[in-house]
Amino acid sequence: LPLFGGIKDILFGGAGLWRAQPDPSYYLPPAVTLYRGTDYELRRLEDYRTVEMDYVSMPRSNKAAAVRSLNTYWAGANADGCVLPASQPTLVVVDEPTLESSKTIACFLPHDLAKGAKAAPEPVGDAVRGLRFAQKNGGLFAVKRIENQLDPLDGWVSTEAVFGVRQRLLRRLE
């Protein structure tokens, strides 16, 4: 970045001196930002664990049901009956940008559960049927925040918006 751009990034981006800080009530997985551009970041994450659920694009209510199941699990529908600290970001994982490809809503398991030092409580009840735990390999990730492009049919980020972000990131990385 030019000198002025670098100073601006330190004050408003990297150091975050004048920007809103993350909500401490949410777990954010540790990550190292390797590059911060104007429209995306490259981050390195270590191996991590998630709780997740598959969904399909049609009917759209399946995605909303997956989000509700994750929220219900965090709220205490688990074997310990405990409320778990929520995590951010929520991941919408799409392997290929087609309506037929597999799609998953996933959340990072927080704190001791993230590293496997403590076993995550199993989901309990019909409201969380279909949730599973997964161990994911860390690596280098291109990250872009999706602004509020809510799907009017289910009130959550549309699968099409995720497809679009994925395509734009691939073009930028090329």
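1. Strand 3 (residues 48–55) and strand 5 (residues 103–108) run antiparallel and are joined by 6 bridges. Strands here are DSSP runs of E with at least two residues, and helices are runs of H or I with at least four, both numbered from the N terminus. Within this pairing, Met 53 stands opposite Ile 105 of strand 5.

2. The model is predicted: local features need pLDDT of at least 70, side-chain atom pairs count only at pLDDT 80 or more, and totals for chains, interfaces and linings use all residues. Residues are numbered from 1 along each chain as its sequence is written, and side-chain values use heavy atoms, leaving out hydrogens and water.

3. An open sheet is formed by 4 strands in the order 4-5-3-6, with antiparallel pairing (two strands pair if DSSP finds at least two bridges between them). Strand 4 (90–94) and strand 6 (132–136) are the edge strands, each pairing on one side only. From one strand to the next, the twist averages 35 degrees (axes are lines fitted to C-alpha atoms, for helices over the stretch in contact, and angles run from 0 to 180 degrees between N-to-C directions).

4. Helix 4 (residues 159–173) lies across strand 3, strand 4 and strand 5, and runs at about 75 degrees to strand 4. Contact means heavy atoms within 4.5 Å.

5. The largest nonpolar core has 17 residues; among those with the most contacts inside it are Val 51, Trp 74, Ile 105 and Leu 109. Such a core is a set of buried (under 20% relative accessible area, 1.4 Å probe, protein chains only) Ala, Val, Leu, Ile, Met, Phe, Trp, Tyr and Cys residues joined through side-chain atoms within 4.5 Å. Helix 2 gives the largest share, 5 residues.

Terms used. Buried < 20%, exposed > 50% of the residue type's maximum accessible area, 1.4 Å probe, protein only.
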